[in-house]
Each structure stands twice: as structure tokens, then as C-alpha cells.
Amino acid sequence: MTKLTVISAAAATPEDRPFRARHLIGGTFRDSADGAVIERRSPAHGLLVSTAAEGGRAEVSEAVAVARAAFDAGDWSRRDGKARAALLLRVADLIERDLDRIARIETLESGKPISQARDEVAGAADLWRYAASLARTMHGESHNTLGPDILGVVLKEPVGVVSVITPWNFPFLIVSQKLPFALAAGCTAVVKPSELTPSSTVMLGELLIEAGLPDGVVNIVLGHGDPVGMAMTEDARVDMVTFTGSTGVGKAITAAASGTLKKVSLELGGKNPQVVFPDADLDAAADAIAFGVYFNAGECCNSSSRVIVHEDVAEALIEKVVALSRAVPFGDPLDPATKVGAIISPEHQDQIDAHVQDAVAGGAWLRLGGAGLPVPGLSGQFYQPTILSEVRPEMAIARAEVFGPVLAVLRFSNFEEAVALANDASYGLSAGVWSESVHTCLDFARRAEAGTVWTNTWMDGFPEMPFGGMKESGQGRELGRYGLEEFLEAKTVTMRIGRGSRAPWVQGSAPL
Ligand code: NDP
């Protein structure tokens, strides 16, 4: 094996009792009627870390009925913004109180490093606080220019019952990018986390109850995408689905939602390029590239899995990225020094490896990695930091979302070629540009087909800044005011002022 930085198993193996995750329906935690459960083993340690109820269509039907009734009753949907905000702020405080507990189960179920999990839970608390501020400041618009006897008002109303379907890569953060915004708007919800990482969402459910959220406003159904996610999408009593996950499932959800023409908001995959011009600060770019591709072991919609570098600086940049890749600490996610943890499942590890072997067979040059990474003392699956150069745009490794710690390097010779290569993808989630020229950065930012563009940085995110994709990376936006708007309907109210001022239609002579 090439020399890498590997963090062996911490001296003590986790001794936590497995968390028991149950559905939350109408304010009560409960198992499935048939007692079915799904066991989750830590992808790093191979230990049983949670047992989750396995729901089906019956649990979804009940949860949707409860969410529908809660919405229609109006206790939450018509509650004033100040009271909604107060509750969201209480939830943020409780998340911070329980940060260690939530971060630990997140690490045990997903394999992500504990230091990163802690940052994500803290970031999630901030999202609940930001959504609270929106709950008090959202408003519609008024039109005072429609004539002396007309006043027009556009009301913003909650869209209704929302199905929230989330993936395994950032379970707590992603539910917090959706749920507080839906609640700020006045919606009620049924939530389904991935069956691989159910527990932190159930812990959130416990905090919602403790904070005083009325029963039935948020319900959680655990289980597999099919049938649970499917039933949450098809049910006519649901008004909207918000989904984060793969593009394939996003398309299946869009098709299933079309039967009832409900609103669908999708945050899907990406094949995000970082484009490096010859005048770039190569050291800064190399560090951001290592961060972009190894963060969360590359299991990230925002992974910068493509680097498009000018031919004059390509070799120098690759050398720097290889050196940094050897220094990134891969290994036991429970060690605070670890920056890259385990791969979510053995099946996913095999898929990552198949992508790499296919690229090598197709002529790509393996500069580093390209195999599983044995970590002393741990039985779970890890993958080496992997860099492939001489990648051509038509190769699968340049186009597919590998979702692992695998970098594909392509080269360009001029600005137009760089833009064309960056946009040569079915995805359009994010892109980055590295240059000391503000003109180059802005030209690129305006031409890139991506929902987010970073210039001389990567993956800086803020609750205030909207996030989402173009092309097959999704539809709609999360975060910022746009993130709230997703959960709102516009209602037009046109008011005639003054009695008798309307011209009669039946007996009047005015032309239409
Ligand atoms: P999926 O898209 O399959 O799953 C995401 C969520 O959708 C999970 O809760 C899943 O449930 C649920 N789901 C699955 N099928 C359906 C369905 N037919 N109807 C409704 N909900 C459904 O992602 P995976 O976890 O399988 O990962 C596969 C690939 O997807 C990854 O390798 C990666 O490429 C991509 N991905 C992208 C993400 C992103 O952030 N853009 C996030 C996660 C994955 P369950 O898993 O419990 O069956």
C-alpha cells in the first residue's frame, strides 16, 4: 500500500447500548404493528449500534392522516410567527444540549468522523435558529396601484402536509435543512430518514416533543424507500415532497408524485468541478481539492470529484494534491484526529472500487490509492484516497457520481475549453474556480451551469445562502429565504373598496 496517514482503532471499542429507534406518530413513539425491525451495524466497527422499527404502508397511512388532521386543525398552521419562532428556538437549544449524544450516534451509524459530526449537529442547531427568524419575518405583498377602488394582496400560506425523505450521508444536517423551514412556514410533516441512519432523526423527534410541538405536527416513519418513501410520495393527502438523494430515486419520486400533481422539491447528485487556472494559488487550490473530494469520504452531493486544470500547471497541482492526500488522516471515526471515516456499506465500497477499476481499464492513470484501506483494529470498510489523471471527458469516471474518495483530473488549454468541460455534465449542482483574476472568476461564475459557484474557496455554506441544483441535480432551493418559499403557496386576494363602484356586467354597457 502507498504510504498514507491511517488512524488505527481507538483503544476502547464503543460499548453503547444499541439505540432503539421507533416511529413517531401522533406524538407517540411506537414499534411497527408486526414488530419488524432493521438492525444497523457501525460501518467502521461492525458492531450493532441501533435497532429501528421497519414500517410499511400502514404506518405511512396513519402518519399522513395525523399530519393532515394537525394541519387542518390549525393549531400549528395558523399559529402566529412569534410563537412558531419561539418553539424553533427551543429546539435549537435542545439540539445543543444533546449535541454529544446526537453526534455519537451519527458517527456510529454513518461512519463519519466524530469531529465532523459534532460540527454538523452544531450547524443544524444554527439552521433551526435561522428558520425561527424567517418564521417572524415572512410576508406576502400588497398592490396599491391597481386603481382607486382596488387593493390587491398576495398572501403567503403554508403549502400543507409535507413528506420529508432524507439520505444517509448527512442525516441530521439534511433533515435540518428542510424541517425547520417547513415548520416556520406552518406546514406539518411526515419524515423518513434512510434505513441506514435512522436514529438521529428519531432523537430530533424526541426533542420536538420536549420543546412542546403539538402532537401530529411532525411524524416519523422508519423503513425502506419502497414501500415507506413511495407511499409518502403517492398519498393524495400529502401536498408536497421534499427529497434529498440520488438522481434515479428523484426521478422515481417525480413520476410517483405526478399521479396527484403534488409539489416536488429535489436536491440530487453532482459531478462538481473545481477549475484551476494557471494564475491560481496552487497551494490553496490543492488543499480545497483534497477537502472537496475526501470530506465525508466523498459521500457528498457537493463532492468536487472532478478537477479541470490548465495544462501548464496540471503536474504541479497533481503533485501537491497527492502529497496532501497522503497526509489526510483516514481511519477510526471515533478518534477526534480522524478527518475521513468509513464507507457506508460493503456494497457501496464495491461500487466505488468498480468505478476506479473501470477507469484504469479505460486508460486513466492511477496516481494514488485505488483499493480498500485496511485500518488496524477495525473490521469495517474504508477506501484509500484515490487520484486518477489523464481522464477523458467521455469516460464514466468523469461523468458518474462515484460518491467515494476518488478524484478525476482532466486538463484544458483555454478559458472556453474550461467552461465547456465544466458544463459537460448531466448534473449542475456546484462548481469552483481558482484564479487570482477577478475577471476570470466572474466570467466563469456567470457561465457555469451550477446552482452554486465558489470562487477561490470550496463548500463554504451559510443558512442565509440558497442551495440547490440545475439540470439533473434537482429542482427548488433549500436555505435562505428561498428555502422558506419552497414551503409556501401564494394566494391572491383582490378587494374592491367602496360599495357600488363595480360596473355591472349583465346590464352595463362597458366593453369587455
Ligand atoms: P437513495 O436516493 O436511494 O436514498 C435516499 C432516500 O430515499 C432514502 O431515505 C431512501 O430510503 C429513499 N428512497 C429510496 N427509494 C425510494 C423510493 N422509490 N421512493 C421514495 N423514497 C425512496 O440513495 P442511496 O442511499 O441508495 O444512495 C445511492 C446513491 O445515491 C449514492 O451512491 C449516491 O450516488 C446518491 N446519493 C446522493 C445523495 C445526495 O446528497 N445527493 C445522498 C445519498 C445518496 P432507504 O435508503 O431507507 O431505502
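1. Leaving aside neighbours within four places in sequence, Pro393 is in contact with Ala398, Arg399, Leu410, Leu421 and Asp424. Contact means heavy atoms within 4.5 Å. Pro393 sits in the loop between strand 18 and strand 19. Helices (H or I, at least four residues) and strands (E, at least two) are DSSP runs, numbered from the N terminus. Pro393 is partly exposed, with a relative accessible area of 29%. The cut-offs are these: buried is under 20% relative accessible area, exposed is over 50%, and partly exposed is in between (1.4 Å probe, protein chains only). Val275 is 118 residues from Pro393 along the chain, and 14 Å separate their C-alpha atoms.

2. A word on the source. This is a predicted model: local features need pLDDT of at least 70, side-chain atom pairs count only at pLDDT 80 or more, and totals for chains, interfaces and linings use all residues. Residues are numbered from 1 along each chain as its sequence is written, and side-chain values use heavy atoms, with hydrogens and water left out.

3. The protein is divided into domain 1 (13-268 + 473-492) and domain 2 (273-455). These bounds come from an automatic or database domain assignment. The contact takes 28 residues from domain 1 and 28 residues from domain 2. The domain centres, taken over C-alpha atoms, are separated by 31 Å. Between them the domains bury about 2100 Å², 60% of it on carbon and sulfur atoms. Buried area here is the accessible area (1.4 Å probe) that two parts lose on being put together, summed over both.

4. Now the core. A nonpolar core is a set of buried Ala, Val, Leu, Ile, Met, Phe, Trp, Tyr and Cys residues joined through side-chain atoms within 4.5 Å. The largest one has 132 residues, and Ile95, Trp128, Leu179 and Leu317 touch the most other members. Its largest share, 12 residues, comes from helix 4 (residues 114-137). Domain 1 and domain 2 both give residues to this core, so it lies between them. A second, separate core of 21 residues includes Val60, Phe71, Met232 and Val241.

5. Helix 10 (residues 314-327) has 14 residues. From first C-alpha to last it reaches 20 Å, close to the 20 Å expected at 1.5 Å a residue. That expected span is 1.5 Å times one less than the number of residues. Ala314, Leu317, Ile318, Val321, Val322 and Ser325 are buried in helix 10. Seen down the axis of helix 10, the buried residues fall within an arc of 135 degrees, so they line one face. The arc is that of the directions from the helix axis to the C-beta atoms. Their packing partners include helix 9 (282-294), strand 15 (306-310) and strand 19 (406-412).

6. Ala323 also lies in helix 10. Ala323 is partly exposed, at 47% relative accessible area. Ala323 and Val309 are 14 residues apart in sequence and 17 Å apart in space, C-alpha to C-alpha.

7. The peptide bond from Asp226 to Pro227 is cis, with omega near 25 degrees; Pro227 lies in helix 7. Asn296 has phi near 55 degrees, a positive value in a residue other than glycine. Asn296 is buried, with a relative accessible area of 5%. Lys471, in strand 23 (residues 470-471), has a positive phi near 50 degrees. Lys471 counts as partly exposed at 37% relative accessibility.
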